[in-house]
Amino acid sequence: MSHSTVEDLVASPETSGSKFFPSFAVTPELEAEATKRLAQFPDNQKRSAVLPLLHCIQHRHGFLSAEAIDWVAARLGIEPIKVAEVVTFYPGFRQSAPGKYHLRICRTLSCAMGGSYELMEKFCELTGIDRSHSDSHHHPVAVSPCGTYSVEFAECLASCGTAPVCMVNDDFHEAITADKAKTLLDSYPATSSTEH
Amino acid sequence: MITYTKQPDPREYRLIFKNVDRVGWDPSIETYVADGGYEQLRKALTMEPKAITEEVKKSGLRGRGGAGFPTGMKWTFIPPNNTKPVYLICNGDESEPGTFKDRYILHQDPHQLIEGMVISSFAVGAHVAYIYLREEFPAAAELMEKSLNEARARNFLGKNILGTGFDLEIYVHRGAGAYICGEETGLIESLEGKRPYPRIKPPYFPAALGLYMAPTIVNNVESLCHVKHIIQMGGEEYAKLGVARNTGTRILCVSGDVKKPGYFEVEVGKVTMRELLYDMCGGPKIGREFKAVIPGGSSSKILRCDETYKLKQPDGSAKDLGFWDIPMDFDTLAACGSMAGSGGVIVIDDSRKISWVLNNLNSFYAHESCGQCTPCREGSAWMKKITDRLVSGDASPKDIETLESVAYQIDGRTICAFGEASSWPVEAIVAKFRDELLGDTIAEDEDAAHNPEAEAQRRYLQNA
C-alpha cells in the first residue's frame, strides 16, 4: 500500500476495542451511500458529501483511518487534507477504535448539576476504564482493558430536563444517575468472543 | 379530545407541541394527515409566495433558535434580482446548553417540520432544502429520512408538488458534534463539507451569500413549524397570541435546580419567572432556595433571583421590575440585561458555588471555540484556565480582574457571536457575583506567583 499523505496527521493507534470492528474496506453499502449522497448536492459540490461518507465509514469501522480518508478524498475528487481537516476538527469523528459499546456522557451544566460526573466515575469503576490520560481535545475516548466499553464526555446533548443523560452508541438514555449505571451496563453485556 | 401521557401545565398553549406526548399519536404520515396535516401546504400553494412572506411578517414571528430575529424580515433579504438557486436550511443542530425543544419536534412530529419547510421553501423560492441535524440525534435522522420518503410518496415533496408545478427536494444532513455548527454560517460551511468556521456578516449574510455563495435562508426547527400555523390562522390572528412585538408561542425548557424540570409551551410574555419556576416547575428542591437563573441558554447573561431592574417606560420614566415578575418574552428579558435566546432556562439554587457553575460553562466554550479568531480562541482557553484554578482553590483576587478583562476583550471583537456567547457568562457572573467569586480566591501572597501561569500573567500585567 502506498504511503498516505495524511498518515502523519491522522495517527490510528490500535486500541483494546479494535478487535470489535472490521478494518476499512470499500463495501457495496459504502459505494451505495456515496452515490446516494452525491446526488443530494450540485455536481460541482462533491465536497459536501464528506460528512455523510465519514459517518457511514465510522459507523461500520469504528473510526476513520488514513486509508479511509484517502478513499473518501479520491471518491470526491478532493485533496486528502480536505478530509483530514474535517476528521481532526469535529468531536464526533474518531481516529481510533472505541469499545464495542461507546458511552457518551453529557458534562455540560444541567447534567453536571444532575450528577453526570458521578455517573462517569461510577461507569469507569464498573468497567475498569482508566481516564487519567484523557482530555477533552486530543484524547477524549478511554477504552476498557477488555475493549467492550469505552467512554467520553460529550457537551450538551439537548435533554437537560431529564439530566443526567448519556448515549450508548446510537441509543439515548435519560436520567441515568450513578446508581443506575450498573443497570445500564447490564443491558449492554460483554460477550466472550470477538465479533465483526 | 387530545390527551397526553405527560399532562401539560394548565398555563400552556400547545401549538407547536400539540402532538408531543399525545396519546394515540405516532410520527407516521397517515396519522399526521388524518389529523389535518398538509392541509396548510395545500392552502399555501394556492397563495402567491410573496403573500406567504407577508403573512409571516404580519405574524411578528421572531426566530426561535436564539437570536429572535424577525423571520419574515429575514426572508426579504434575498436580493431582488437574484438568478442563483435559493436554498432553505433547517437548523436542527440544537446544542445551546439548557435547550431541549427541537428534539421533541424531530423525534415525535417530523411532518409538522416538513410541512413548514415546504411552505417556507415555496415562499422564498427554494427548490432544494436541507435539514441539518446534530449528529447526536441518530434516531431523528433515521425517522426524518423515512418521513421525507412518506411525504414524497404522497406528492407533498418532490417534483410537481400536488400538481402545482412547484418542485422541492429536502435532504437530511448530519453534523458531527460541533456546537459552532449551530451558527448559521458555520452550519453552511459544514454543509459545504468543510470545518465549520463561521463567516463574517456583512457581507456573508446567508440570504445574500449563503450555501455555495447562493441566497440561503437558515431557520430554526421551531420557527419553521410556526410558519404552518401562521398559514392556518393568518398572520394577524397569530399576532394576537403573546404580547405586542413578542407574538406567538414559545417553548420554555427548564432544567437544573427545580422540583419538576421540563418543557412548557406558552404564549410569549404571558408567564412570569415566578409562575414558571414556582407554579409550573414546583419550586426549589426541598430545603433549597433559588439563587440565580440563566434564562435563554448558557450564552445568555445570568440573572440573580434577588434583583430589581429599572425599566425605561415609553414616557421616559423608569419603573422597577423585580426578577420574579419578569414576563418570559424577548423585549423584557433584553431590557433586564439578558435575553430570551433559545428558551433554555437553567435554574441554580443555593447549593451551587457560582465559581463551579462558571467553570463548567467556560469549559464548554473553550472546547467548542472553532479557533479562527484570536480573541475567542485564546480568550476562551484563558478564562477556563482561570476558573479551573478558582475551583481548585488556586486563584488570587487579581485573577477575577483578569477574568473579567479577558472577557471584555473577546466581546465584540470576533467574526461571529460565539465571542459574545463565551464572554457574556463571565461578564454577567463576575458583575453579579463578584464577592462570592472573590471569596473563593486566596488573598494571602497575592503578589506571589503560585503557579507558572500566574507568574507569567503577573509579569505580563506588570508591563502592560
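Modeller: Let us begin with contact: two residues are in contact if their C-beta atoms, placed from the backbone, lie within 7 Å. Helices (H or I, at least four residues) and strands (E, at least two) are DSSP runs, numbered from the N terminus. This is a predicted model, in which local features need pLDDT of at least 70 and side-chain atom pairs count only at pLDDT 80 or more, while totals for chains, interfaces and linings use all residues. Residues are numbered from 1 along each chain as its sequence is written, and chains are lettered from A in the order in which they are written.

Colleague: Which residues of H15(B) and H16(B) meet?

Modeller: From H15(B), Ile400(B), Leu403(B), Glu404(B), Ala407(B), Tyr408(B) and Ile410(B) meet Gly419(B), Ser422(B), Ser423(B), Val426(B), Glu427(B) and Val430(B) of H16(B). By class, this contact has seven nonpolar, three polar and two charged residues. Here Ala, Val, Leu, Ile, Met, Phe, Trp, Tyr, Cys and Pro count as nonpolar, Asp, Glu, Lys and Arg as charged, and the others, Gly among them, as polar.

Colleague: At what angle do H15(B) and H16(B) pack?

Modeller: Two packed helices are described by the angle between their axes and the distance between the axes. Axes are lines fitted to C-alpha atoms, for helices over the stretch in contact, and angles run from 0 to 180 degrees between N-to-C directions. H15 (residues 397–410) and H16 (residues 418–432) of chain B pack at about 145°, their axes being 8 Å apart.

Colleague: Which residues of H1(A) are buried?

Modeller: A residue is buried if 20 or more other C-beta atoms lie within 10 Å of its own, exposed if 12 or fewer, and partly exposed in between, with C-beta atoms placed from the backbone. In H1 (residues 28–38) of chain A, the buried residues are Leu30(A), Ala34(A) and Arg37(A). Seen down the axis of H1(A), they fall within an arc of 75° (the arc of the directions from the helix axis to the C-beta atoms), so they line one face of the helix. The face turned away carries the exposed residues Pro28(A), Glu29(A), Glu31(A), Ala32(A) and Thr35(A). The cover of the buried residues includes H2 (50–61) and H3 (66–76) of chain A.

Colleague: How many residues of chain A are in contact with chain B?

Modeller: In chain A, 34 residues are in contact with 41 residues of chain B. On the chain A side, 20 are nonpolar, ten polar and four charged.

Colleague: What share of chain B is buried?

Modeller: Of its 464 residues, 56% count as buried.
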